[in-house]
Amino acid sequence: MPARRANPFWQVGKVLILLVALGILLALGTWQVERLHWKEGLLADIAERQSAPAVPLSAIETMAASGGDIEYRVVTATGHYLNDKERHFFTTYEGDAGYHVYTPLQLADGRYLFVNRGFVPDVDKAPEKRMQGQLTGEQTVTGLARAKLAGQPSGIPDNDLAKDIFYWKDLDAMAASDGLPKDKVLPFFVDAGKAPNPGGLPIGGVTIVDLPNSHLQYAVTWYGLAAALTAIVAISWWRKHHPGAPQQ
């Protein structure tokens with residue numbers, strides 16, 4: 001060991017290892033700072049979209065067709081609800097288990113838009129228990145556009161079509177289980193706003209913007225580790241070159 005420590009190549013190697021480790025820690029901290037700025041910008045953009053005036057459905061269609069980001073944009077659509085074809089997405093609301101009610105809205109041109117009308121408790125899943133909220137005639141809904149999922153999220157169970165329980169928002173499966181032609185269903189959803197429904201159900205305005213923003217914490221952690229490494233090296237160097245100095 002003494003011979004290895006005296007070897008200049010070993011000394012250079014230690015320095016290089018420390019510099020690489022320090023560089024990695026600083027790079028990770030800087031990356032998290034960049035992610036923090038990106039996430040703050042994204043949250044600000046979503047907040048701006050949600051507070052913007054509603055746009056017609058055609059504007060969202062055009063944006064979606066061109067590959068634009070339609071998420072959380074306020075939109076208005078008019079049509080007739082097909083209440084006998086509603087689908088149910090399992091979820092919770094203020095601690096209670098239940099379902100989001102997804103109902104096809106038939107547009108004037110014969111196409112369909114699935115609208116998340118809001119939450120109903122488990123005991124009120126059956127439509128006959130909330131007949132007042134089964135809107136008939138022409139209806140106009142204002143809500144937030146939501147993009148179609150590309151596939152089943154990891155760790156989420158398969159949808160139970162036999163029991164009409166969806167654990168993930170599979171638009172194609174919802175349409176197929178309703179017997180609606182795929183080419184007639186718009187490729188996105190709309191989450192209805194907070195306008196109350198007769199009888200109080202479904203409860204609208206249940207969209208949750210859940211984008212965790214822990215990047216500052218992560219940045220502080222990485223930079224803290226870099227500072228700790230620097231302090232350890234500095235103390236080690238001081239003790240090596242001042243062997244007679246008092247130890248704390």
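Predicted model: local features only at pLDDT ≥ 70, side-chain atom pairs only at ≥ 80, totals over all residues.
In one, the side chains of Glu86 and Arg130 meet with an N to O distance of 2.5 Å. Glu86 sits in the loop that runs between strand S2 (74–81) and strand S3 (87–93), while Arg130 belongs to the loop between strand S5 (112–121) and strand S6 (138–147), so this contact ties together parts that are 44 residues apart in sequence. Glu86 and Arg130 are both buried.

A further salt bridge involves Arg87, whose side chain meets that of Asp164 at 3.8 Å, N to O. Here, too, distant parts of the chain are linked: Asp164 is in the loop between S6 and helix H4 (171–177), Arg87 is in strand S3, and 77 residues separate the two. Asp164 is buried, as is Arg87.

The salt bridge of Lys182 with Asp172 also has its closest N and O atoms 3.8 Å apart. Lys182 lies in the loop between H4 and strand S7 (185–192) and Asp172 in helix H4, a separation of 10 residues. How accessible are the two partners, Lys182 and Asp172? Lys182 has a relative accessibility of 61% and therefore counts as exposed, whereas Asp172, at 31%, counts as partly exposed. Elsewhere, salt bridges with shared partners join Glu61, Asp109 and Arg111 into one network.

Attention can now turn to the aromatic side chains. Five aromatic pairs are found when the whole structure is searched. One of these brings together Phe89 and Tyr102, with ring centres 6.5 Å apart and planes at 85°; the pair is edge-to-face because an angle over 60 degrees counts as such. Since Phe89 lies in strand S3 and Tyr102 in strand S4 (residues 96–106), the pair ties together parts that are 13 residues apart in sequence. Both of these residues, Phe89 and Tyr102, are buried. The contacts extend to Phe189, as ring pairs link Phe89, Tyr102 and Phe189 into a cluster.

Charged side chains also lie over aromatic rings. Arg117 is placed over the face of Tyr81, at 4.8 Å from the ring centre. Lys125 takes up a position over the face of Tyr99, with a distance of 4.9 Å from the ring centre.

With which strands does S6 pair, S2 or S7? S6 pairs with S2 in the antiparallel sense, over seven bridges, and with S7, again in the antiparallel sense, over five bridges. Within the pairing of S2 and S6, His80 stands opposite Glu138 in S6. In the pairing of S6 and S7, Ala147 stands opposite Phe188 in S7.

Finally, there is a pocket to consider. The second largest pocket has a volume of about 330 Å³. Its lining comprises 17 residues, and those nearest the centre are His100, Lys169, Val206, Thr207 and Ile208. Which strand gives the most to this lining? That strand is S3, with four residues.

Definitions and conventions
Residues numbered from 1 in each chain as written. Heavy atoms only, no water. Salt bridge = Lys/Arg side-chain N within 4 Å of Asp/Glu carboxyl O. Buried < 20%, exposed > 50% of the residue type's maximum accessible area, 1.4 Å probe, protein only. Phe/Tyr/Trp six-rings, centres within 6.5 Å; stacked < 30°, edge-to-face > 60°. Lys NZ or Arg CZ within 6 Å of the ring centre and 35° of its normal. Pairing = 2+ DSSP bridges. 1 Å grid on protein atoms, 1.4 Å probe; cavity = no way out; pocket = protein on both sides within 12 Å on 5 of 7 lines; lining within 4 Å. Points joined across faces, edges and corners; volume = space filled by probe spheres on them.
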